[in-house]
Amino acid sequence: MRILIADSLPASCVETLEKRGHACRYEPALGADELAEAIDDAQVLVVRSTRVSADVCERSGALELVIRAGAGTNTIDTRAASAAGIYVSNVPGRNAIAVAELAMGLILALDRKIPDAVADLRAGKWKKKT
């Protein structure tokens, strides 16, 4: 398959796809505005946060699948993709570790009253003892 990767992904992911016989075009700097021009003959489009507009779905002749490398599909015009016969998929759970790390960091911040200390410091107060 011809795969266009339009967001940053670890090199190991691209290498794995290529080892399995897929032709990968890795263009992580593509923006939403440039995507319609760059889609060419790609059969699969992989994005993370890049928006996939109706224009991309309408202009792509060979596109069969759009994959959001993350949770949700809110950055993809799923109606336009469906109308063009393009499947849309995501990868739920891949960011579970990052979400857990963020949750633990926020719990620690609340326990140590870091948001309160930041607010006080921005207000010009240094409450060292609290």
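**Sheet, helices and nonpolar cores of the predicted model**

Helix 5 itself spans residues 96–111, and its 16 residues reach 22 Å from the first C-alpha to the last, close to the 22 Å expected at 1.5 Å a residue (1.5 Å times one less than the number of residues). Helices (H or I, at least four residues) and strands (E, at least two) are DSSP runs numbered from the N terminus. The model is predicted, so that local features need pLDDT of at least 70 and side-chain atom pairs count only at pLDDT 80 or more, whereas totals for chains, interfaces and linings use all residues. Residues are numbered from 1 along each chain as its sequence is written, and side-chain values use heavy atoms, with hydrogens and water left out.

Five strands form an open sheet in the order 2-1-3-4-5 with parallel pairing (at least two DSSP bridges between two strands), and its edges are strand 2 (23–26) and strand 5 (87–90). Strand 1 (residues 2–5) pairs with strand 2 over four bridges, and Tyr26 in strand 2 is the bridge partner of Ile5. Helix 1 (residues 11–19) packs on the sheet, touching strand 1 and strand 2, where contact means heavy atoms within 4.5 Å.

The largest nonpolar core has 19 residues, and Leu4, Leu35, Ile39, Leu45, Val52, Val56 and Val66 have the most contacts inside it; such a core is a set of buried Ala, Val, Leu, Ile, Met, Phe, Trp, Tyr and Cys residues joined through side-chain atoms within 4.5 Å, buried meaning under 20% relative accessible area with a 1.4 Å probe, protein chains only. The largest share of this core, three residues, comes from helix 2.

Terms used
Buried < 20%, exposed > 50% of the residue type's maximum accessible area, 1.4 Å probe, protein only. Axes fitted to C-alpha atoms, helices over the stretch in contact; angles between N-to-C directions.
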